[in-house]
Every structure is written in C-alpha cells, then in structure tokens.
Amino acid sequence: MASVLKTTHHGACPHDCPDTCSMVFEVENGKLISVKGNAEHPMTRGGLCVKLKDYEKRHYHPDRLLHPLRRTGPKGSGQFEQISWDEALDEITTRWKAIIDEYGPQAIIPYSYLGHQGLVHGLNGGDAFFNKMGATVCERTFCGEGSCTAWLLTVGPTAGLDPESYVHSKFIVIWGCNSVSTNLHHWHIVKDAQKRGAKVVVIDPYRSRTAKEADWHIAPKPGTDGALAMAMMHTIIEEGLQDQDYVDNYTVGFAELAERVKTRTPEWAEKITGIPAEEIRVFAREYATTQPAAIRLGVALERNFGGGQAIRAVTCLPALTGAWRHVGGGATQFPVWEHPYKFDVISRPDLIPEGTRVINAIQIGRALNGEMNLDVPIKSMMCWNANPVTQAAETDKIVEGLMREDLFMVSAEHFLSDTASYADIVLPAAMGAEMEDMILSWGHLYLTYNEKCAEAPGEALPNNEIFRRLAAKMGYEEDNFKWSDSECLENYVDWDSPACEGIDLEYMRQHGFARLKVGTPDDRAPHRAGNFPTPTGKCHFRVEGATNFVAPPFRQMYEGFQPGEPIDSLPDYVPSRETPESNPTLASEYPLNIISPKSHGFLNSCYANIDDKIKGQGEQFVMINAADADMRNIQSGDKVRVFNQRGAFEGLAQITDDVSPGIVVATLGYWRQLNKGTVNCVSSAEFVDMGHAPTFTDNLVQVSLAS
C-alpha cells in the first residue's frame, strides 16, 4: 500500500482583492487537497470568502489548460492543437523578431493586470522583459488609479488609517465600497466597531449587501459624490465645526477651500445628488463631531468623469475635522504606499528606450482598431493576468481588434478565457500553490508569503518562468532574467527598510506573514501632528501647478508621456459625462444610468466559468426599479436587453427597490462565451478626470425585453 504524505504550507490569496488573505495549504503526495484561512492572521481570522473557500478545486478543474496550444481554427472558435513548449517559445520569439525587424519593437504591446497580485508573477512581473524589448508601454488603469492620483496630490504616499484601527473608530463611513462582497475581512473589523457602538454609514447609489448592514445608507445619484463631499465641507466650515488648530498647523490652502465651498451649499448639492439638504447637514455634523471618524474610500468612487476630484474632496475631510489626531481616525485608500516593494528593480524602467510610446489598457480596442492613428500599428499583443474581453470597456471593439488576422496574439492563462480564445498561441500558467511568491497587499499592512508546495498539472509553468524562457530565447542577458523566484523575492523587497525591522525572507517562510513596523492598530496615528509625505509635510487642500499623472507602478514605472493636463488647484464637484442632467440629448435615447459593481461570487472574471460559482452567483442579471420596469412592460425574471451606442448584453430582470428609478445595476465578471454580451459591452473607454481611470459608472443605457 502506497504511503500517504500530508503536509501543510503557508499560502496567500493571489487575487485582486484588498484582503490578501493568509492561507494554509494542505498537500497530499504533491497535490493540493484543501485550503483554509490562516487563523493566526489578525485580518484573515481563519475564514475565506465564497470565491476561495474551495480554491483547490480550481487547481484541478477539468477545463484547466495543461499544455501549450496553437490555434487551428478561426480566432475565437476555441480550436487549438497541442504543441510542445519548445515549439511555442520558438514560434513566439520568431514572430516577434520578425515584427521587430519590420515595424520596430513598439509594434508589440504587453497586456496584464492583477489577475495575480504577486511581486514575482503579478502585475509587474513581465515589465522588465518588455521594457528590455522596447515594446509599447501599457498603462494599466482598471481600478484605483484615479484614486491614487487624487490621494497622492492631497496627502502623499501614506498608508493612512490602518484598516485594523477601525475597531477604535466611533463613526465609520464606507464610501463607494461593497465591503461584504469585496473587502470581507475588513468588514469583520467594522462590525466589531459597530458592536462597540460605532455608527456605520455606507454611501452607495444602490442598496448593496453592505448598505443593508449599515446604520445609515446614503444613496447619491451616480457620479455625484463630489457634490456631497463639497457640501459637507461647506456645512463644517459654515458651522465652525472644523479643527482650526489642526487646519492652521497641518494643512495648506484652507482659506481658498473655504472660499470655494461657500457656494457649495447642501441645497446646491441636493439638486445634484438627490439627497435632502438637511440630511447632508446632519451627516456633516455627525462626521465632524464624532471622533475618531474613519473613511474607507472604495475604488468605485472614481468611476465617473469627476471621480478624481470627488476623491480629493473626500480625502480633505479628515484634515478639516482633525480626525487624523486619533487612533481610528482618518481615511484609508491603499495601505500599499508604505509597503517596501522595489518596483524599479521589478520593472527595470531604465531599460525603456527614450521616446517609447504609451497606450492605455482600457482603450486597447481603439488601439487595435486603428482609431488612434498610431505611427506604428500594433502587430502583436501578449496577455496574462488579465481578461480584457470581459473586464475592459468597449468590449465589442476589443473583440473586433483581436479578430484581426495580422495580429499575433499570445495568452498565458489557466483556462481558455474569453480573451485567450482569440490567441494564436496559448501558454498554460501555474496557479497559487504551484509557485513561490509574496502577494502584494493594497488593503492592509502585512507582508504575505506563498510557498510553492504542489506540482502544477500537465506542463503549466509560473509566469516568471515563462518570461525567463522567453528572455533566453530573445538573448536578453540582464541578471533579472536569470534570477530564481527566491532570488527575485530577495531583490524585490527592501528588507533593510525600517518597515522590515526583524523581518527577512526566511522569517516569511517560517511564519507566512508579518506585520510591517509602522505602528500597531492600537497606537498608529501617523498624522496626529501632520507629517504627511508631501512636499510641505502637510495635507494639501490646495495644490498649485499640478498636472494629471498615472502612478508609475501602473505604467511599468515609466515616467514618459504622462497625461499632463492641468489639475484644478482645489477640489470640486465635476459632473459626469453621461447623465440625464449633463447630456439630455443622449439621455433621450438612453435614459438610464448603469452601475457595474463587482460580483459577489466571482473575483473579477475568475470563477465565472465554474458551475458551482455560477450557481451561487446566479445567472447574469439586471437590477431595475419597478417604476422603470413597468414603463417597459418588464416582469421579474424576464430576459432583458441592455444597450447603448457602444453595444449590448442580456440578463434576467430583478425588479427591486434596492435601486432607485433611473438606475440599473449589472455586475462585472460574467464570461462572454457563456452569455449574450457582458456589462462592459456598454461601458465607455473615456477616462475620468485623473489618473486615466475608467468611467465604468458614467454610462447611459436603455433596457428592453429581449427579442
């Protein structure tokens, strides 16, 4: 009888989620057999979300890609033949060298995002390779990049309020974040605070799962959060509720801000937001006078044209009221700013040839279709850790571009995704337990280690090994391309930084996670006396001479060809592009605002091809208010078509008062192969006002019964 060897190992959730859970892998004879949350981790607390609780099943799903494939049928047909790794790598590098010889390296574009959040195998893992090649730089701004620009302008690269410190907060505002579905482990801390007497306010245009558990749900019209924040500041200043000592000592531009908000009254905001003026006043008073007050900024806050300015306004509130003085007071955007990652070493921007162009990932459809009038056309694209056919805007344009016979497409994937189905060569990629990494966290202050403890099925390889082999074939000799994954981790983290005191890679291997040395949840108040990482050391209500930019990690650490448009010196409300108020002509044809939040049962488009996850999430649906449904003769459960000038998708109608009249909600992540279109078919690829963030909630649509 064969012996059974069971072992446990440290794991880390690799998905695009702020929680970055510490996990425990159980392995039997080299195969992953179970996954659970690490009970010792103060945020994970032994629990995993509905996506991850049976993570091992995804590793061994029958549809998992096991071997390199070459396309044999029409693009998108899913017709492929198995080939060897040598054949695949030879064909890729031969084709790339030919393209470079004929068109130059900028005819090739990399395309990735946070389908894996590892330092080694994640967002920036292919940067050095493509920067060495001289390929077009891909600016990757799916989520949070406008928020980053606004935050950095206002308070600098601070982690801000520790998510664990919310247990000490007395007034908590969850602004544009459905924590129950997308930040579950922080929500447990919020609930702990609520049990201790904290008031929890959720600001969201529809009644999300999180809003239903709040003490107070405030529902502004989509894209009007900036008006609400400006009216809050008006009330706070008009009624003398600001912390004048904090303002005088630790902020810049109060006089100018006070002058601007004089006309941003609650009555003015009521007409824009739909929130009664008196409710705005009560909210502002309670926020200003109940300390410690905490704000969790969600990425949804940025997803309309005025999103950057809205986040600037919200980010000003804690300094205006002196909330930063307190443990449990202030605001949380991305704690990643205080993580000691060495992005220059990971990405090697020094290898980028001067003058290399930049193309944004959200607008890839326009680039592939020739709408950008590029000097050098895109002739090849490699996609990994991303699925733009469901996750990027203007989906139909992307599909049209990927159908081009003269486009050589390479995809590294776990499954034959919507995007991979259009590839010429598909490479099987390893999953979580099959590779060593440390997983970046943008939602807490812990480093999280992931041990390679299971063998990848078939011939699947980790992303970094794929790039090592491609680099060897291309003749690239830099040390980066020869480092093992362990050597990468030694070089990618600044282990000598004060934040890593007492922590090294060996410590991580032993313990699985480590809290950075940046104060504890019970004593951290980093801006009690200012000390903001800005040029003045103060919070900037006013920023003179600022121009629009995308934070470098989202553009391969490249500083060339930043957007550069001038930015208003003060925060303000900026209207959306597509609303009945801002665009009545368009609204006459497409009268409904659509919101497209993340799905509860999927992680972006991950898991949306797995039967039990689809069953838990439900078929693609469209939430609609009864008033709008009655007008269109729609009954609950009817198949409806949602459409505008950009495209269409179908889903089952859910008639509910969780959405207000004039708004419909359909969640992201569903696969196009399994549905008639998906929600990003109707999304615009226009940018918001900062950081080239996407306008996923700045879109007008019409809804009708499906034919």
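Good morning. I begin with Pro580, which lies in the loop between strand 21 (539-540) and helix 21 (584-589). Helices (H or I, at least four residues) and strands (E, at least two) are taken as DSSP runs and numbered from the N terminus. The model is a predicted one, in which local features need pLDDT of at least 70 and side-chain atom pairs count only at pLDDT 80 or more, while totals for chains, interfaces and linings use all residues. Residues are numbered from 1 along each chain as its sequence is written, and side-chain values use heavy atoms, with hydrogens and water left out.

Pro580 counts as partly exposed, at 31% relative accessibility. Here buried means under 20% relative accessible area, exposed means over 50%, and partly exposed is in between, with a 1.4 Å probe and protein chains only. Leaving aside neighbours within four places in sequence, Pro580 is in contact with Ala587, Pro591, Asn593 and Leu700; contact means heavy atoms within 4.5 Å. Pro580 and Asn593 are 13 residues apart in sequence, and their C-alpha atoms are 8.3 Å apart in space.

Is Ser179, my next residue, buried or exposed? Ser179 lies in helix 5 (residues 179-182) and counts as buried, at 0% relative accessibility. With neighbours within four places in sequence left aside, the contacts of Ser179 are Ile174, Leu184, Trp187 and Thr210.

I turn now to the strands. Strand 15 (residues 380-384) has 5 of its 5 residues buried, so it is largely enclosed by the rest of the structure. In a regular strand the side chains alternate between the two faces of the sheet. In strand 15, Ser380, Met382 and Trp384 point one way, and Met381 and Cys383 the other way.

Which strands pair with strand 15? Strand 6 (residues 108-112) pairs with strand 15 in the parallel sense over 5 bridges, and Ile108 has Ser380 as its bridge partner. Strand 16 (residues 408-413) also runs parallel to strand 15, joined by 5 bridges, with Val410 as the bridge partner of Met382. Two strands are said to pair if DSSP finds at least two bridges between them.

From strand 16 we pass to strand 17 (residues 425-428). These two strands run parallel and are joined by 4 bridges; the bridge partner of Val410 in strand 17 is Ile425. Strand 4 (residues 69-71) runs antiparallel to strand 17, with 2 bridges between them, and Arg70 stands opposite Ile425. Ile425 and Leu427 point one way from strand 17, Val426 and Pro428 point the other way, and all are buried.

A further set of strands forms an open sheet of 3 strands in the order 18-19-20, with antiparallel pairing. Strand 18 (437-438) and strand 20 (513-515) stand at the edges with a single partner strand each, so one side of each is left without a neighbour in the sheet. Strand 19 (residues 446-450) and strand 20 are paired over 3 bridges, and Leu447 has Ala514 as its bridge partner.

Next, the aromatic rings. How many aromatic pairs does a search of the whole structure find? The search finds 24. Rings of Phe, Tyr and Trp (its six-membered ring) pair if their centres lie within 6.5 Å; planes under 30 degrees apart count as stacked, over 60 as edge-to-face, and the rest as tilted. Trp96 and Phe129 form a tilted pair, 6.0 Å centre to centre with 45° between the planes. Trp96 lies in helix 2 (residues 85-103) and Phe129 in helix 3 (residues 127-133), so the pair ties together parts that are 33 residues apart in sequence. Trp96 is buried at 0% relative accessibility, and Phe129 is buried with a relative accessible area of 1%.

The ring centres of Tyr476 and Phe481 are 6.0 Å apart and their planes stand at 45°, so this pair is tilted. Both Tyr476 and Phe481 are buried. One aromatic cluster is formed by Trp96, Phe129, Phe130, Trp384, Phe467, Tyr476 and Phe481.

I close with two helices. The axes of helix 11 (residues 266-273) and helix 12 (residues 277-289) come within 8 Å and cross at roughly 115°. Axes are lines fitted to C-alpha atoms, for helices over the stretch in contact, and angles run from 0 to 180 degrees between N-to-C directions. The contact is made by Pro266, Glu267, Ala269, Glu270 and Thr273 of helix 11 and by Ala277, Ile280 and Arg281 of helix 12. Thank you.
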